[in-house]
Amino acid sequence: MAQLQIGWSEISITPDKKVSLCGQFAERISEYVEKPITATAMAVECGGDQMVLCSCDLESIHDDIIRDIRKKLEGNPYGLDGNKVIYNAIHTHTGPGYKSPATKGINAGFGKLREVLETYLAPGQKYVESANFDDPEVATDYENYEMLLERMTQVVIDAWKARKPGGFSNAFARAAVGMCRRVDYSDGTAQMWGDANTAVFTELEGGNDSGIELMYVFDMNKKLTGIVVNLACPAQCVQHRLFVSPDFWGETKKLLRDRFGEDIYMLALCSPAGDQCPVDLVRWVNPDTDVHDPNLIRHNP
């Protein structure tokens, strides 16, 4: 039987400048970095076949950056097939936006995007624009793209070069992280991020997925080298803040390294999560700092 070869790598994708943060119903510019954001890659080779998984502390992975990464990997001297590299995002709303320079002049209609966003707002709410786009300290989405392209390519190459004999063990656990974010009312309507503290509230529209799939990776001396964690929930505990953050995954990685050592890797996977979110809309607790999202303002606390 062929021997598994497994390699790990992690790289910072934290912007050097302020950035426009992805997600929400109003533009937000970061004021500081709460925790560094990273890309983590695990490379696997066995019997001549190969795979690299790369998890990024971003809102999403765009088709154009995958295309450009594969171009950069063409003809690399390490034998890595760019088509065997799989990227995913943790879907944080406190990560940088990015856009390929090839799209300049295309999709420039921010006003149309605003119209789309406004269709999702609750009655009585409106889109409020407060960001300063003229601030020279704010990186453009095109600058962020170039930085991400370089680093997301480098991290998979580094993981591939770090391959060593190893093995893995699967496990399954449960934790109440993801909960339904759509609220049903007695008049037959439903609302995302709806207020449950009202007489017409009936139930949450769907259930929750508390399952966590785990893969523990070891070297040939049975020493733990990393953990792959699959969770059906986007990383959106602090989605309305004005800082760069990997959200709850950053704290999870810190706790793992406090317990198992600084050389432990964690690769976070966000599986298809539907309307799951890490916020309990029934047992609502008001945030202890200012929020910048009209969906997270409650008039019936």
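**A walk through the strands**

Let's begin at a turn: in the hairpin of E5 and E6, 2 residues lie between the strands, and glycine 47 there takes a positive phi near 60 degrees. Strands (E, at least two residues) are DSSP runs, numbered from the N terminus. The model you are looking at is predicted, so local features need pLDDT of at least 70 and side-chain atom pairs count only at pLDDT 80 or more, while totals for chains, interfaces and linings use all residues. Residues are numbered from 1 along each chain as its sequence is written, and side-chain values use heavy atoms, with hydrogens and water left out.

Stay with E5 for a moment. Strand E5 (residues 38-46) pairs with strand E6 (residues 49-56) in the antiparallel sense over 8 bridges; two strands pair if DSSP finds at least two bridges between them. Within this pairing, alanine 39 has cysteine 56 in E6 as its bridge partner. E5 also runs antiparallel to strand E1 (residues 5-12), joined to it by 8 bridges. Here serine 12 has threonine 38 in E5 as its bridge partner. Because 8 of the 9 residues of E5 are buried, this strand is largely enclosed by the rest of the structure. Buried means under 20% relative accessible area, exposed means over 50%, and partly exposed is in between (1.4 Å probe, protein chains only).

Now move along to an open sheet of 3 strands, in the order E11-E10-E12, with antiparallel pairing. Its edge strands are E11 (190-192) and E12 (201-204), each pairing on one side only. E10 and E11 are joined by 3 bridges, and arginine 182 stands opposite methionine 192 in E11.

Strand E10 (residues 182-185) also holds aspartate 184.

Finally, look for the rings: the structure holds 4 aromatic pairs. One of them is tilted and joins tyrosine 32 and phenylalanine 243, 5.3 Å centre to centre with 55 degrees between the planes. Rings of Phe, Tyr and Trp (its six-membered ring) pair if their centres lie within 6.5 Å; planes under 30 degrees apart count as stacked, over 60 as edge-to-face and the rest as tilted. This pair links distant parts of the chain, with tyrosine 32 in strand E4 and phenylalanine 243 in strand E15, 211 residues apart.

Methods:
Helix = DSSP H or I, 4+ residues; strand = E, 2+ residues; numbered from the N terminus.
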